[in-house]
Amino acid sequence: MEHQLRQAAAVFASAGQGIVITDVDFRIIAVNPATLETSGYTEEHLLGKPIYFLSNKDRRNIRVADLFSLAAEGNAGRGGMGETCQR
């Protein structure tokens, strides 16, 4: 089990695609380095923000089904970040 946890952590850290983990209220609790690189934000800036923060659309009233749709479209973690990036 410990080996699997270390392996999962290594995959999270080295994945080329951005990975965002949220709590049940869709607030960001973890991001991998690829998310930081593509968004231009720091980890400190993203933690605690709602997941829709990383989208160019207003997602305050987002539903779970919408998150799955965004992920399928490839927009859950990328939509509009270049336009809203504040370094």
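In this predicted model, contacts between residues at least 6 apart in sequence include a share of 25% that join residues at least 24 apart. The chain comprises 87 residues, of which 25% are buried. Its exposed surface comes to about 6,000 Å², and carbon and sulfur atoms contribute 53% of that area.

The secondary structure consists of five helices and two strands.

The opening helix, α1, spans residues 2-14 and contains both E2 and R6, which are four residues apart, or about one turn of the helix. Side chains of opposite charge can pair when their charged atoms come close. The side chains of R6 and E2 form a salt bridge, with an N to O distance of 2.8 Å. The structure holds one salt bridge, and both of its partners, R6 and E2, are exposed.

Next come the strands. Strand β1 covers residues 20-22 and strand β2 covers residues 28-31; the two run antiparallel and are joined by three bridges. Within this pairing, I21 stands opposite A30 of β2. The two strands make a hairpin with five residues between them, and F26, located in the turn, has a positive phi of about 65°.

The C-alpha atom of F26 is separated by 5.7 Å from that of I51, although the two residues are 25 apart along the chain. I51 belongs to the loop between α3 (43-46) and α4 (64-73). Is I51 buried or exposed? I51 counts as buried because its relative accessibility is 10%, which falls under the 20% limit.

Helix α2, residues 33-39, includes S39. With a relative accessible area of 1%, S39 is likewise under the 20% limit and is therefore buried. What lies 2.9 Å from a polar atom of the S39 side chain? The backbone oxygen of T35 is found at that distance.

Taken together, these residues illustrate both sides of the accessibility scale: R6 and E2 are exposed, whereas S39 is buried and I51 is buried as well.

Conventions. Residues are numbered from 1 along each chain as its sequence is written. This is a predicted model: local features need pLDDT of at least 70, side-chain atom pairs count only at pLDDT 80 or more; totals for chains, interfaces and linings use all residues. Side-chain values use heavy atoms; hydrogens and water are left out. A salt bridge is a side-chain nitrogen of Lys or Arg within 4 Å of a carboxyl oxygen of Asp or Glu. Buried means under 20% relative accessible area, exposed over 50%, partly exposed in between (1.4 Å probe, protein chains only). A polar contact is a pair of N or O atoms within 3.5 Å; within protein, one must be able to donate a hydrogen and the other to accept it, and residues adjacent in sequence count only if both atoms are side-chain atoms. Contact means heavy atoms within 4.5 Å. Accessible areas come from the Shrake-Rupley method with a 1.4 Å probe; for residues, only the protein chains shown count as cover. Two strands pair if DSSP finds at least two bridges between them.
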